[in-house]
Amino acid sequence: FGAHSLTTFQIAPPYLDYVSNCLKAHPGDYRILAPNPNCAMTANAQDIWGDDPQGLLRYARFLGTTKGYDFDHMTIATKASITNSEPWGLMRCRFVFSEGLKTFSEIKDPLPHVLLVNQCRIMTNRYDILYALTNAAFPRRQEVILETRPEPFPQPSPNPGTVRLLDFKADSLTIEADVKEPSLLLVTDTYSTGWRALPLPG
């Protein structure tokens, strides 16, 4: 958190140089999963888990499901039965680094920071939602899952429009979107009830 919110924040050298070397060779706005959360912090990267002991419950349930956990019955000693990293692309995770082997795997086609989507399905059961999101057939670039119907409802369009991230700070994003029909704006950051969307002048 400090690295992205303070004027000066220096930690050197990077915790694991093979992680920082990979990130330098592949610049971009994406997240990683590293063996230790200090890897991301010292390499000025974003980790999909980090070292926060009080993560948001919905986020933890999603990550637990991708690792094969039965979240309602897991304990601190629960071991993952499977590891399915492809759904981590929903959180714009691109690289998953191994522990001790100095190797990494790359997730294909992770989502960008902001994306326009004009299809959605309404679901309220959290088990159904988690199953759908972690299913390999889920069209993550074309559709989102919502718990309530949005107004206005998104409309299919041959021209989905354009969106770009103009500025990224610890507590705000500035986004420019140009759309011809009602669309959904997907932001691949952890959701919190404190987030609010405010139109800029004009």
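Two strands count as paired if DSSP finds at least two bridges between them. Helices (H or I, at least four residues) and strands (E, at least two) are DSSP runs, numbered from the N terminus. This is a predicted model, in which local features need pLDDT of at least 70, side-chain atom pairs count only at pLDDT 80 or more, and totals for chains, interfaces and linings use all residues. Residues are numbered from 1 along each chain as its sequence is written, and side-chain values use heavy atoms, with hydrogens and water left out.

S3 and S4 form a hairpin with 6 residues between them. In the turn, Gly100 has a positive phi of about 90°. The two strands run antiparallel and share 3 bridges. On its other listed pairing, S3 meets strand S1 (residues 31-33) in the parallel sense, again over 3 bridges. Phe95 takes part in both pairings: Ile32 has Phe95 as its bridge partner in S3, and Glu106 in S4 stands opposite Phe95.

Strand S3 (residues 93-97) is mostly covered, with 4 of its 5 residues buried. Helix H2 (residues 17-25) has Tyr18, Val19, Ser20, Cys22 and Leu23 as its buried residues. These buried residues pack against S1, helix H3 (37-42), S3 and S4, where contact means heavy atoms within 4.5 Å.

**Salt bridges**

A salt bridge is a side-chain nitrogen of Lys or Arg within 4 Å of a carboxyl oxygen of Asp or Glu. The structure holds 10 of them.

| Pair | N to O distance |
|---|---|
| Arg58 and Glu147 | 3.1 Å |
| Asp109 and Arg141 | 2.9 Å |
| Arg121 and Glu143 | 3.0 Å |

The Arg58 and Glu147 side chains meet in a salt bridge. This pair links distant parts of the chain, 89 residues apart: Arg58 is in helix H4 (residues 57-66), and Glu147 is in the loop between strand S7 (143-146) and strand S8 (162-168). Arg58 is exposed at 53%. Glu147 is partly exposed at 39%.

Asp109 bridges to Arg141. Asp109 lies in the loop between strand S4 (104-106) and strand S5 (114-117), and Arg141 in the loop between helix H5 (126-133) and S7, so the pair ties together parts 32 residues apart in sequence. Asp109 is partly exposed at 45%. Arg141 is partly exposed at 29%.

Arg121 bridges to Glu143. Arg121 sits in strand S6 (residues 119-122) and Glu143 in strand S7, so this pair ties together parts 22 residues apart in sequence. Arg121 is partly exposed at 30%, whereas Glu143 is buried at 12%. Elsewhere, salt bridges with shared partners join Asp29, Arg31, Arg92 and Asp189 into one network.

**The largest pocket**

A pocket is an open set of points, on a 1 Å grid over the protein atoms alone, where a 1.4 Å probe fits, with protein on both sides within 12 Å along at least five of seven lines; lining residues have an atom within 4 Å of a point. The largest pocket has a volume of about 2,400 Å³, the volume being the space filled by probe spheres set on the points, which are joined across faces, edges and corners. Its lining has 50 residues, and Leu185, Leu186, Val187, Asp189 and Tyr191 lie nearest the centre. H4, H5, S7, strand S9 (173-178) and strand S10 (184-187) each supply at least two lining residues. The lining divides into 31 nonpolar, 8 polar and 11 charged residues. Here Ala, Val, Leu, Ile, Met, Phe, Trp, Tyr, Cys and Pro count as nonpolar, Asp, Glu, Lys and Arg as charged, and the others, Gly among them, as polar.

Terms used
Buried < 20%, exposed > 50% of the residue type's maximum accessible area, 1.4 Å probe, protein only.
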